[in-house]
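Hello,

Here is the structure for you to look over. My notes follow below it.

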There are 2 protein chains.
Amino acid sequence: MSVALVGAGPGDPELITVRGLKRLRACEVLVYDRLVADELVDEAPADALRIARDDFKQEDVNKLLVMHGRNGRRVVRLKGGDPFVFGRGGEEALALADAGVPFELVPGVSSIAAVPESVGIPVTHRGVSSMVTAFAANDVEKLDAAALARVPGTLVAFMGGAVVGRLAERLIENGLSAGTPAAVISSGTTDREQVVSAPLGAIAAAAHGMPTPALVVIGEVVAVREALSALRRSAA
Amino acid sequence: MSVALVGAGPGDPELITVRGLKRLRACEVLVYDRLVADELVDEAPADALRIARDDFKQEDVNKLLVMHGRNGRRVVRLKGGDPFVFGRGGEEALALADAGVPFELVPGVSSIAAVPESVGIPVTHRGVSSMVTAFAANDVEKLDAAALARVPGTLVAFMGGAVVGRLAERLIENGLSAGTPAAVISSGTTDREQVVSAPLGAIAAAAHGMPTPALVVIGEVVAVREALSALRRSAA
């Protein structure tokens, strides 16, 4: 395969997959996202061409991948999380297919479950939630808040840190209880991880000033974290 | 840490994380799910105690983990996908916390995105879907089909293979178009992988006889797969 679209995982460099690391260590060209851990960028061979994706528009990233792929170089496109979860991997795959360049998809650990898990929140939990809805929250005014307020189970908002106040307002206006447990997790799984939890009606105030990127988790599963923490404290 | 709850990933053994493999190779006791790849079970040290989880009830699995953890053994609990996505990892974590046994969570690549990705379906795709809802479909009559039919974006049904006909009926009865693209993926990411796609109204007939476990994907993103396949064919 000439181009591999590889998920780097949620932040912690050891959460890349075995195959992802193998492709990375064998690449000749590495195109990487800004949020990918430095330790992973360092795993590419010393003489590999390193290209920071954030210097380019998406269409130019597509062109770069096609160009190096056509030249027969072993290209790794390293993306935060999973390439197909809010990662625009589908667009890159279509561009490569359109150009006739062979490519491979190497999934990664998505933040959907791994980031909440990192702070002790299971996105599904027997008797509490058997459903999880993940969505991109950055365009908060365009969200179908009525449908989100109505769907059972856990909500996970990507790119939700900067808009958590407005997100909470819109969900509460549409019928979700202001008492629903919520959490905001910044830089989940990394050594800069921060977490706050509060009822939905108070989460914006609690999370004020937290750095982005941040994930917002809303639902009764957030209370499992409190139960775990309490048990761990009483055991300590 | 004495007990590590480790996600094995969606099936392909190279999709375990680097940390997960490290824990597995250092364990003294391995408690594993039936669906975990044999290649991963073989990665445990030759003298490690291997326990197939399926011989036990969940409460007995919890007891086993607590018992070996209390004895200070390095225990790995290896689960398909991610421990906290329909994996009952939360229950095991609570049992360990309750017993005062230290534990660590090592996330895995969940089937949510990786299994659709394996057949070329991005669960999110710019301009097509910016939302994904994953749910356990086995108890199909108890699902809130009205909410599922109403939520925008992609639906991913775990344990959906055996009930796909009834699931499709209930979603269509609740207003989801019978023409919505759908796919059933059996043993995704493994060398036994099979996939069929059809409009929702015809998916049960198309998927008839497919082996379980199978994941059902419903939404316009399924059409991205057709676009990718067509481009690849025309390039070949």
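Just after α7(A), Gly175(A) takes a positive phi of about 110°. Helices (H or I, at least four residues) and strands (E, at least two) are DSSP runs, numbered from the N terminus. This is a predicted model, where local features need pLDDT of at least 70, side-chain atom pairs count only at pLDDT 80 or more, and totals for chains, interfaces and linings use all residues. Residues are numbered from 1 along each chain as its sequence is written, chains are lettered from A and ligands numbered from 1 in the order in which they are written, and side-chain values use heavy atoms, with hydrogens and water left out.

Helix α7 of chain A spans residues 164–173. Its buried residues are Val164(A), Leu167(A), Ala168(A), Arg170(A) and Leu171(A). Buried means under 20% relative accessible area (1.4 Å probe, protein chains only). Seen down the axis of α7(A), they fall within an arc of 165°, so they line one face of the helix. The arc is that of the directions from the helix axis to the C-beta atoms.

Now the sheet. It is open, has 10 strands and mixed pairing, and runs β9(A)-β8(A)-β10(A)-β7(A)-β6(A)-β6(B)-β7(B)-β10(B)-β8(B)-β9(B). Its edge strands are β9 (194–199) of chain A and β9 (194–199) of chain B, each pairing on one side only. Two strands pair if DSSP finds at least two bridges between them. In chain B, β7 (154–158) and β10 (214–218) pair in the antiparallel sense over three bridges. There, Val156(B) stands opposite Val217(B) in β10(B).

Best wishes

How values were computed
Buried < 20%, exposed > 50% of the residue type's maximum accessible area, 1.4 Å probe, protein only.
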